[in-house]
Amino acid sequence: MSRKEIVENAFAERFGYQSSGIFHGPGRVNLIGDHTDYNDGFVLPAAINFGTDIAASLREDRRVRVLALDCNGESSEFSLDEIAFDQEKMWVNYVGGSLLALMKVYPDIRGVDMVISGNVPLGAGLSSSASLEIAILKTVAALNNLPLDGVKAALMGQDAENNFVGCNCGIMDQLISAMGKDGHAMLLDCRSLTFEDVPVPPDLEIVIINSNVKRGLVDSEYNTRRQQCETVAKTLEKPALRDLTIEDLEANKRQLDDVSYRRARHVITENDRARDTLDALIKNDTTRLSTLMKASHDSLRDDFEVTTKELDGLVSMIDEIIGESGGVRMTGGGFGGCVVALAPKEKVQQVFNVVSTEYPKQFGLTPDIYVCRTAPGAFRE
Ligand code: GLA
């Protein structure tokens, strides 16, 4: 049974009538450009064929009844007029937060019955939360016939995350989940929110390896990095690190302590790498791609200090196999989570074999390996 059928059947069973529609929000993998989005910079993610499905029907009143199949079959029921933070069921807050953000613009929506199920691995840096937020916004917008576009939906998803859930994330995850294009990645300008689709070369596979390292410090460390970046921009009197060149940074090095200097150097060089990667993908220049992805990983390890020994180990294992025929780096927020490889089709099996034998041997952990396809965003026409 497909996941669509699963949510559809569960809906009929739970609510005693048929759902009127099934909606989807994809997860994402970021090919390059990490910790740049909240610095008004550039990112290059792709929406993937892992995501969240929702079977739903509009109600006559303002109530919301929601069942989450993957969270031990937990459910919740509330009124659109009384959305409160749920201390026990964290997943409910992504639903409530997205609805609150939507109602800032469309206060008169009707309530909804929903069954949710997803297959984005949780806490792996593949944006399970953005995929849920965007799936919710798509569901409620479609059923209420709202003229909501994908960029606005992404901002609402980010609003939910920043102001209700309490995570200070940037715009990348929600925007790619809403506006990704099948077969493509996207170079997104996180200041103007304009983007350029770029085809993923057909001979390269997107391979994602979950290190399965528990991401303990992720929220506090993430917020610290964000503050460090904002402090540098403030010290150098710029709106954001996006507005600094490497020459500006070098010229003002004396005003910064070593850590601040390295944090800023990562962001500035990573912005350049994201833009250069667009060009490398267009030209299918895997040698350049390989260099850029390697430099990105090194910079996230040495300057931004968000990798772990497991992520570093996975990257060097895979790099030895694919060399200049593709690229590999950590992806997402770091401190655990996944690495992403763009690997030629004929090397995927070898990557699989080496990672599944060597990684447990070296690090005592079992990896999950996914060969992904790109997918369309929820709001992409
Ligand atoms: C997390 C955040 C994103 C982005 C990445 C790092 O995934 O949700 O907004 O900052 O980390 O690139």
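Predicted model: local features only at pLDDT ≥ 70, side-chain atom pairs only at ≥ 80, totals over all residues.
**Entry 1**

Residues are numbered from 1 along each chain as its sequence is written, and side-chain values use heavy atoms, with hydrogens and water left out.

I then recorded a salt bridge between the side chains of Arg-191 and Asp-243, at 2.8 Å from N to O. This pair links distant parts of the chain, 52 residues apart: Arg-191 sits in the loop between strand 6 (184–189) and strand 7 (194–199), and Asp-243 in the loop between helix 6 (218–235) and helix 7 (246–251). Asp-243 is also partly exposed, at 25% relative accessibility. The term salt bridge denotes a side-chain nitrogen of Lys or Arg within 4 Å of a carboxyl oxygen of Asp or Glu. Helices (H or I, at least four residues) and strands (E, at least two) are DSSP runs, numbered from the N terminus.

**Entry 2: further salt bridges**

By this rule I have a count of 31 salt bridges. In one of them, the side chains of Arg-225 and Glu-221 meet at 2.7 Å, N to O. Both residues belong to helix 6 and are four residues apart, which means a separation of about one helical turn. Arg-225 counts as buried, at 5% relative accessibility.

I also noted a network of salt bridges that links Asp-34, Glu-270, Arg-273 and Arg-329.

Lys-294 and Asp-319 form a salt bridge through their side chains, at 2.6 Å from N to O. Lys-294 lies in helix 9 and Asp-319 in helix 10, so this pair ties together parts 25 residues apart in sequence. Lys-294 is partly exposed, at 38% relative accessibility.

**Entry 3: helix 10**

I checked the length of helix 10 (residues 309–322): its 14 residues should span 20 Å at 1.5 Å a residue, and the end C-alpha atoms are 20 Å apart, which agrees. The expected span is 1.5 Å times one less than the number of residues.

Buried residues of helix 10 include Leu-311, Leu-314, Ile-318 and Ile-321. What covers the buried residues includes strand 8 (204–210), helix 9 (286–302) and helix 11 (348–363). Gly-323 follows helix 10 and has a positive phi, near 50°.

Methods
Buried < 20%, exposed > 50% of the residue type's maximum accessible area, 1.4 Å probe, protein only. Contact = heavy atoms within 4.5 Å.
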